[in-house]
Each structure stands twice: as C-alpha cells, then as structure tokens.
Amino acid sequence: MTATDLIHVGPAPEQKPVFTGRGHDRSPKERGFRALLVACLAIGIVFLVVLLAYVLIEGWPRLDGALFGNQASQLRPATAGAQAAILGTLWLMAGTALISLPIGVLAAVYLEEYADRDKWYNRLIELNIQNLAAVPSVVYGILGLGLIVRGPLSLGPVLIAGAIILALLILPVIIISSREAIRAVPDSLRDGSLALGATRWQTIWRTVLPNSIPGIATGSILALSRAIGEAAPLIIIGVAGFLTFNPASMFDRFTALPIQIYSYASRPQEAFIVLSSALIVVLLLILLVMNSVAIYIRNKYQRRW
Amino acid sequence: MKISPTSRRRAPFAAASAAALVLVACGSGNDPENATAEGGDESSEAALSGEVVIDGSSTVFPLTSAAAELFQAENPEVQVSVGQSGTGGGFEKFCAGETDISDASRAIEEDEIAACEQNGITQDEFAIANDGLTVIVSTENDWATCLTVEQLNAIWAPDSTVSSWNQVDPSFPDEPLALAGPGTDSGTFDYFTDVINGEEGASRTDYQASEDDNVIVQAVSGSKGGLGYLGYTYYEQNSDTLKALEVDSGSGCVAPSPETVQDGSYAPLGRQLFIYPSAEALQRPEVEAFVSFYIENVDEITEAAGFIGLNEEQKAALQEQFDSLVG
Amino acid sequence: MSTATNTTGAGVSLRRSQPRYGERAIEAVLFLAALISILTTIGIVVAIIGPTIDFFQEPAVSLWDFLTGTEWTVLFADQNFGVLPLVTATLTTTVIALLVAIPIGLGAAIYLAEYASPRARKVLKPILEVLAGIPTVVYGFFALAFITPQILQRLIDIGTFSMLSAGLVMGIMIVPTVASLSEDAMTAVPQSLRDGAYALGSTKMHVATRVVVPAAISGIVAAFVLGFSRAIGETMIVVLAAGSSPNLTLNPLEPAQTMTAFIAQAASGDQPTGSIGYESLFAVAALLFVITVVMNYISIRLVRRYREEYE
C-alpha cells in the first residue's frame, strides 16, 4: 500500500468505502477466502434452484387457471383446483401479520428501550422468548386446541383462531430480529433526539423505529415465511382437509394451502401428486408477493452507517 | 443523516392496511348458515343450507370427501368440511360435540364410548366400505406368491429375528428381507397386528415405518427383498411397481381383490371402514340429508374414490341402522 | 446502553418536574406486549403439565426409566418408556443441521455484507430468503423423493430414511435464517470501524473476519440461536426424511425418530385421548421444553459475557 492510497482528496463518495486494502486483495489467501464465501452462497442458491425446478417440472401440467377458479375435488384430479385453500391462506396470512407484527415490534421496543436488564422479570421475558422459538409447531397446535379453539376462548377451528396460533408461533422470531434491528441503531441518534427535547417515545417512534425498519422487515419475511408453510398446528386444531366453500369472515371455517398440499400428496393417484406440486408453486408465488412488499420497504430504508 | 419525514413512512403502511381491508371486504363466500329447509326427506327439492362437520381417520378421509363433493354438487348451499385428525382425534372431537360425524378405520373403543355417553352423544357404527390389507412385495420378487398367516406372524412378531427370505420358507432364495409398513399410529397397523400377531400393537419394531403409504410403496418397490402391507387402494394404484401376495389362512391361498374382500374370503386381512354419525346431529336436516345421500349412493361413492364397496348384505344392514338411528 | 441519562454532572435534573403520563401509559402498553410471551409460555405449560403428570402417575411408568431407558415402544403392545432414542435422534439431526447451516449461512452472510455490490445484495438476499418460505412438508418430500435416492444413495449405502438426509435438508432450510440475520447485523456495523482497519493496513478478509464479525457478534449469535431453535423444533422434515422408528444410535446413516416426530405422530393419529400413548406425547414435549430452556439459558449467559458494544 502506498501513500497515495491513504490520501483521498475531494468529497467523500457515498456508500462505497474508500479504503479497501486493494493491494492485498489479489493475494491467493484473499482470493481463496472470497471463493469460499461465494461457494457458501452458491450452495444455498443451487439447492433452491434444484428444488424449484423439481417442483415446477412435477407440477407444470397443472399450473393453470383451474387451480384458482375451481374448488378442490377428490374425484376429478384433472380439473381440481384449490380456490378455498388459496383464499384461506391469504386471509390467514393477513390475520397473522396484523396480529404478530405490532405485538412483536412493540415487545421488542420494550425490551430494548425500556427494560432494565438487571430486573429479574425482564431477564425472564428474554429467556422466555428465546425458548419459545424452539417450541415445535405441534405444541402450539396443542396449546391452540386447549385454550383458543376450546377452553376460555372457544372460537372453534376458524380463521381467527388459526391466525392467533400462527401469530404466537412466529412472535419470538419477530421479537428477536426486531430487537437486533433496534439495537443496531447507533445511540448517537437517540441522544441527538433527546437532546433536542424529544420524549423517549417520540425518539423511538420518529428516530429509532424508522431506522430499524430494514431489520424488522427481514424478521417479518422470515417469520411469515414460516407461518405460510405450517400445516401441523392447523391440522391439530381441526382445520378441514377438504372443504369447497370460500371464507366470508374471520369466524368461518377454512382450509389452507399446506394442508391441501399434504392432503393431495398422500393420495396414490399420480394426478394428485402433480396437483400438489402445482399447489406448491402457487404457495411460493404467494410467498414471493408477500416478501416483495417487505423487501421493497427494506430497500427503501436501508442505509449503512 | 436525514431523519425520514413521517409522511414518507406512513405511505407503505397505509397501502398495506388498504390491502388488508380490501381482502376483508371481498370475501367471496357463500351466505352463512340459516338452517331452514322445507321437508325432511325430500331433500332434492328443498334449498338445504347449513354446515356438516366431519373429522377422523385419514384412511376414510378420501371416501368421505368424495361423498361430500358429490353431495355438494346437488346441494350447493350446504357447507361440508372434512378433517383428517386421525381416528382417535376424530372421536375426541366427536364425543365433545364438535363434529357431526366421525370417520374411523377401527371400531370405537370403550373409553371413547364412555366419553360420548358422558356428553350425551348417541352414536352408531355405520360400515360404509370394505378394505383389504394387502401384503406387497417388489415386482422383482419372483419366488413368492402366497404366504400363510403363520409365516406372516413369524415375520412380524414382536421378537422376530427373521431377516432373510429363506428363513420364511427354505425354498425361497437367501435374499435380505426389507420390511416396511405403517407407523404405530395408523388403523392399518392396529388391524394388521391384531389379526396377524394376535394383539393390537404387537409387532417387531425394526421396520421402515411411515404414516404415508406412498412412502411404503416406494420402499418396497425399490428393494428386491422388500415386503410390506398397506390398504388395497394403494396397491391397486401402484400395481405396475408392486406385486400382491396371496394369503392363506387355512383354506387355501386367496388373492386380494374387490370380490374376495367383499365376500369375506380374503381373510383375515379384510376389514371395514366406518362413519359414526350422532343422533343429535342427525336432527338437523342437512346432516340427515348428507348421511342419507352417503348411504343411498354408497356404491357410486366407493367406486369413484377407488375403494372396495359393500356387499348386498352389508348394504341392507346399513340402511336398517340408519333408519333406526333417525327414526 | 440505550437509556439516556437525565442528569448533568452538576446535579441539575433535566427531568420534567411533572411526570409525563402519556409516556407512562405507553410504557405500560409496551410491557403488556412483551408480557404476551409469558402468557404464551404459561399457556403451553398449562396445556402440557396435566397429561404429563398423568403419564408419570401411570403404574407402568417411572421417571428413572423414562430418562435412562433405551427403548421407546410406547405405541406398540409391548411398551417401553425409555426416551433416550428420541433424544439422541434429536441431538444428531440438530447437530448435522447446524454443521450445515452455520458455515454456509455465515459464509453467505459475510459475502453479501462485505463483498457483494449493493445491487447484487438486493437481488441475492431475497433469493436466499425464498428458501425460508418453502413449506417444511416440501423439504421433507424433497429429501425423501430426490435427495436420498438421487444423491445420497449413489454415494453411500444408506436406506430410504436416515438422520443424515433429514439433517442436511434441515440445515439448508435454516441457512436463510442464519444468513439473513447475520447479514443484517454485519451491515449495521458502522463503516468507521472498517475504515479504521483499512487505514491500518488490513486486508478485506481481515476486516471481515476480525472487525465486522466480532462487532456484529450479538446479531450473529442471535441468528445462530434462532437457527438452533428452529432445528430442534422442526417436525415435518424429520418425520418424512428420518422416519418414525425410534432407534438409539448416533450413526447418522440410520433412520430414527426424533422427539418432535414422535409428538407429531402421537398427536395426529389414532390414539384415544387419555390413553397412555397420548399422555406420553406430553411428557416428551415437556422434556423438549426443559432441554431448550437449559440450552437457551446457557447461550444467553455466554452471549452476555462476550458481546461487544459500540457507541
């Protein structure tokens, strides 16, 4: 590295770091390391491509409008659709997101901004949330069956019950990732805001939260991705595997795509296997749309300090 | 570093809420239930509406779903939903009054009957289809065509150490035995172990177990010495990659087929599949219409769903049972 | 760390002479939000504890046998209640999954955060996140129908079900969790740290591994812990890929049934409610809960000790 690398005259460029140690970047060790990292990324992406190709090839014959236009059928696999399941999943995701995101972010705000770490109850909450992330989804199903579908709330196996259970399932993920996002906002911003006379809440609402949106968006992507594919808790609370009417309110019975997929995939007839692969593609499409909204938000607010 | 003005931040949020509201507003559902119906038995003329809730065995699930589909074609205002929580799970919900009909691949048990009685649920057992548990081997298996019940017992008994085909019968080649079968939670497992090993749940534990019959098909068809058992429908759908063995229970080798299962000659692996409606639910016209439809069209339904139907005797008994439960 | 002080050195309080009730109310609302997690845990404990106690009160069951027994044949006629086979299976599959997910996830994260151009990052990160959205049922079937026959069985002598197959696929499923969260943490590290390191003559690799990763360790460890939690609690993949036969072994080439697989099997099947088989699933769930509490407690203590803070 020469002296001219160290001296930079003129306005600082946006985003790109000035000093990269470029001279050393071509050493074999550097190249090897970089290649290793690329390999890591590549493994993940290759796997995804293979999986998608596998599913697409399997399901291609049935990727047609009938999937959306027709209801499920046990007897006519060639024309069976999954309208009720598609709508059910959409409603369920909307409900889950509306319940889990506000609660999750607010809980993260509390834990990061207000909670005194030395208090035992705050430490307990922390440990608790981390533990809940490891509880199998089946157990949430049992919890839901005992306390939400029956028991005190007695809602029955309807959309709102499913949304609550899935929201509880993904809440730990949202809280943990939102906490990290909030924690990453530099204190200088908070101090500046407070110094200007803002209250704590104003600081959070107008400074901290907007700057932690990217991390929160990532967390919500991962969390909702998990929720959209969950079948086990829904089956346990008694969500139907076969129904052919669309939900009209959050208190209606419903079915969801993962259940429909699993249902079709366990049938022996080849036509159903094809159908279930096609539905997997539909599920991934819905997921992509959901994710793009979050990704758009994330990119808009992304900044490097 | 600029602090984002709040208005910019609000825009995406507003868009998301608007989208959510739109979703809520345009649920293209049917009208919610209003249980009016004119006439009890003339269901084809009346505009039946309401809901029928069914849950239970995953084996019976395709059959009942087929019935629901055909029924709803004629009665579009009735909302039928069918779940597959398993026979035990289905009975639990049924005896708690949460479902109208329970699907079952085994008969209801004592404690379940007690639970139903405790909650005032009167039920009856309707056998609506036959099933034959089929012993399957790979198509590469060219030495075996028939096994006796004793041989099956020797293979599957809890303390069995049989690991190759020539231990089953000396005339068979020395091919390693690769066992596959349903997991302990399926009615198929319960029934097979009961009739072959003499006690429900009594089985060797070192076989490839799966709740998904497609997996059993794959395991057996992919291995020359494979042996497994599953419901007849799954064998029939995969008859190009599987071979069914005949079973000899003392009076000669009998191959599984709709006929031999129906007339009872495919023993002891023939069994029945059930639905359990509750008398209380049958008070509602839409439930009564559904069960009545199911019974009257049981042939068409079992054939459409690929199951083995009832013989004449069984059908007559079914009709009688229905009449007495309703009447 | 993030709580501002309200007094200056001279002892003059900058706090308002009257408390802001609005602020207090907001704090209360936030506390309630955080409390929901406690309520969830209480709910889970309530739902599990009853049948678990019933299980251990059954004459055939003893806590000692449960914890040390080596055969688990609860749903067979000849019942054995040793839970160790389920525990070893859970352990083995989780370890394999983490061995896959942590290197790949961290490697991908470092690349995305430090090496990739912003445009590449905007495209590659969401692609990786799609992996997180694939239903676990699909992963399971994929492992069974493709990974095992087409890849594993061509390389080694392995059966239809194996812990290796389940662990590998589970690891890939967790990669987005580890990668995306680690990458977020690394991106949030102030550029000034990197610049300082470059100014001192560091190479890019040094900066990435010795400056950024330690600075972001809090977020990275959180990502690992979430990944671990996901692995240990995963149900469908292990059911479909590792099988449903309990097997006391650490050999990943063999099939086995994990704790979660057993819970799923018993909860969705034909067990009459109230039977010993049904109760056993609650006991296994309780054990899993206890194990995760212990592991999480240890990890929180470790993180607290080694976390570095900036600003």
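**Conventions.** I number residues from 1 along each chain as its sequence is written, with chains lettered from A and ligands numbered from 1 in the order in which they are written. Since the model is predicted, local features need pLDDT of at least 70 and side-chain atom pairs count only at pLDDT 80 or more, while totals for chains, interfaces and linings use all residues.

**Confidence in chain A.** I looked up pLDDT (the predictor's confidence in each residue, from 0 to 100) and found a mean of 85 for chain A, with 91% of its residues at 70 or more.

**Sheet in chain B.** I found an open sheet of three strands in the order 5-10-11, with mixed pairing (two strands pair if DSSP finds at least two bridges between them). Strand 5 (146-148) and strand 11 (253-254) of chain B are at the edges and have a single partner strand each, so one side of each lacks a neighbour in the sheet. Strand 5 of chain B pairs with strand 10 (residues 246-248) of chain B in the parallel sense, over three bridges, and B:Cys146 has B:Glu246 as its bridge partner.

**Domains of chain B.** The domain assignment (bounds come from an automatic or database assignment) gives domain 1 as 50-130 + 272-326 and domain 2 as 131-270. I read 29 Å between their C-alpha centres, and 14 residues of domain 1 of chain B in contact with 16 residues of domain 2 of chain B (contact requires C-beta atoms, placed from the backbone, within 7 Å).

**Chains A and C.** The contact takes 89 residues from chain C and 98 residues from chain A. On the side of chain C that touches chain A, helix 1 (residues 21-57) of chain C gives the most, with 16 residues.

**C:Leu84.** I placed C:Leu84 in helix 3 (residues 84-115) of chain C. Leaving out residues up to four places away in sequence, C:Leu84 touches C:Thr68, C:Gly69, C:Thr70 and C:Leu248.

Note on methods. Helices (H or I, at least four residues) and strands (E, at least two) are DSSP runs, numbered from the N terminus. Two residues are in contact if their C-beta atoms, placed from the backbone, lie within 7 Å.
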